[in-house]
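Here are a few notes to go with your reading. Have the sequence and the structure open side by side, and take the points in order.

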Amino acid sequence: MAHWHTMIGGNGRESYSKNSTYQRALLEATKEKIDEAIAVKLDLGIASSHFKVADFGCSTGPNTFVAVQNIIDAVEHKFRRQPQQDPKEIEFQVFFNDHSNNDFNTLFKTLPPPTTRGYFAVGVPGSFYSRVLPRNSLHLGHCSYSLHWLSQVPENVTEFNKDSIHCTGFVKEVTEAYLGQFKIDFGSFLDARAQELVSGGLLMLLGSCLPDGVQMSETMKGKIIDCAGSCLGDMAKSGLIEREKVESFNMPIYFAQESEFKQVIEKNGGFTIEKMERVSHENEEFPSDARFLRDSYRAAFGGVAEASFGGDMVDKMMDLFEEKVHEFIGKPTKAGMQFFVLLRRN
């Protein structure tokens, strides 16, 4: 069964818009890489007077606005450097894509005013694991911190994963099932983008993955999810929620290892890998503040848990999470990695 859960909407304390500074740090750290990629790799001949950009998995802002503005500024700068081009002659259209139950109201209420944003904005509801735009209609695509979300929990994973709520990396059958689903989903994402992008168009992918040989539950992110699972287990022991519900609950997320990520791109064949780089920044690992971790986890993953256990139970779980999380993150961890991938449509 598919999971179309999105980030917590609105502008409240637990909303994604108030708890996405970790994700924003990667956008800021890759700004120079994006500028360089557009300056060196973008062929202005693929567009005439209209340049179309899409952010896949845009959520509610404000990070998507930062990402889009970085791209547009870089494209405009490249146009200015062309003696025959007048940047005033080019117009930008931006497609903000996410699932239909994304909080597009908050997205558009907080959209920068027309006088400063310099682009026409369009909301595009739908799963990015299928095509959401016409063929050969897009010049540059962007996707940040979204590709670890699977279209569904892998089939038949529950019987092997009753003691965890995600792919820890230490149960062979579970890892194989999650990796198989990731290959299907990421492959579908690339197939859809290959149809939407014009030949020579660019696709920028940012996010988190694992260094080869590192398992999810050895990392800070993995231990944080392990803590949430432990909290659900404690609640089941105390009778607050049914044990069967906890044992059958799995997160539809998979952080691929670097080589797995690359293999799917190469197998797809629709793109040339122009860059695939590790990105380091000061917020690369989560801070150890329990309240920050609670709010960040609630904003990003709370919607999935609410669908299974209800909002009240998730609130109780997060209270317990705040009390327990230091037991998990205090243990030695291995580093994950942030990536910047630049693909050119063949």
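1. Start with Val53, which stands opposite Leu140 in β4. This pair belongs to the contact between strand β1 (residues 50–56) and β4, where three bridges join two strands that run parallel. Keep in mind as you look that this is a predicted model.

2. Now turn to β5, another partner of β4. Strand β5 covers residues 197–209, and six bridges pair it with β4, again in the parallel sense. To find your place, look for Leu138, which stands opposite Leu197 in β5.

3. What lies between β4 and β5 in their β-α-β unit, and which hand does the unit have? The helix is α6 (residues 172–196), and the unit is right-handed.

4. Is β4 itself mostly covered or mostly open? Strand β4 spans residues 138–144, and seven of its seven residues are buried.

5. Next, please visit helix α10, residues 290–309. With 20 residues, a straight helix would reach 28 Å at 1.5 Å a residue, yet the end C-alpha atoms of α10 are only 22 Å apart. Look along α10 for a kink of about 65°, centred on Phe301.

6. The two ends of α10 are worth a look too. At the start, a side-chain oxygen of Asp289 comes to within 3.3 Å of the backbone nitrogen of Arg291. Just after the helix, Gly310 takes a positive phi of about 90°.

Notes: Residues are numbered from 1 along each chain as its sequence is written. This is a predicted model: local features need pLDDT of at least 70, side-chain atom pairs count only at pLDDT 80 or more; totals for chains, interfaces and linings use all residues. Side-chain values use heavy atoms; hydrogens and water are left out. Helices (H or I, at least four residues) and strands (E, at least two) are DSSP runs, numbered from the N terminus. The expected span of a helix is 1.5 Å times one less than its number of residues. The bend at a residue is the angle between axes fitted to the seven residues ending there and the seven starting there. A polar contact is a pair of N or O atoms within 3.5 Å; within protein, one must be able to donate a hydrogen and the other to accept it, and residues adjacent in sequence count only if both atoms are side-chain atoms. Buried means under 20% relative accessible area, exposed over 50%, partly exposed in between (1.4 Å probe, protein chains only). Two strands pair if DSSP finds at least two bridges between them. A crossover is right-handed if, with the strands pointing away from the viewer, the path from the first strand over the helix to the second runs clockwise.
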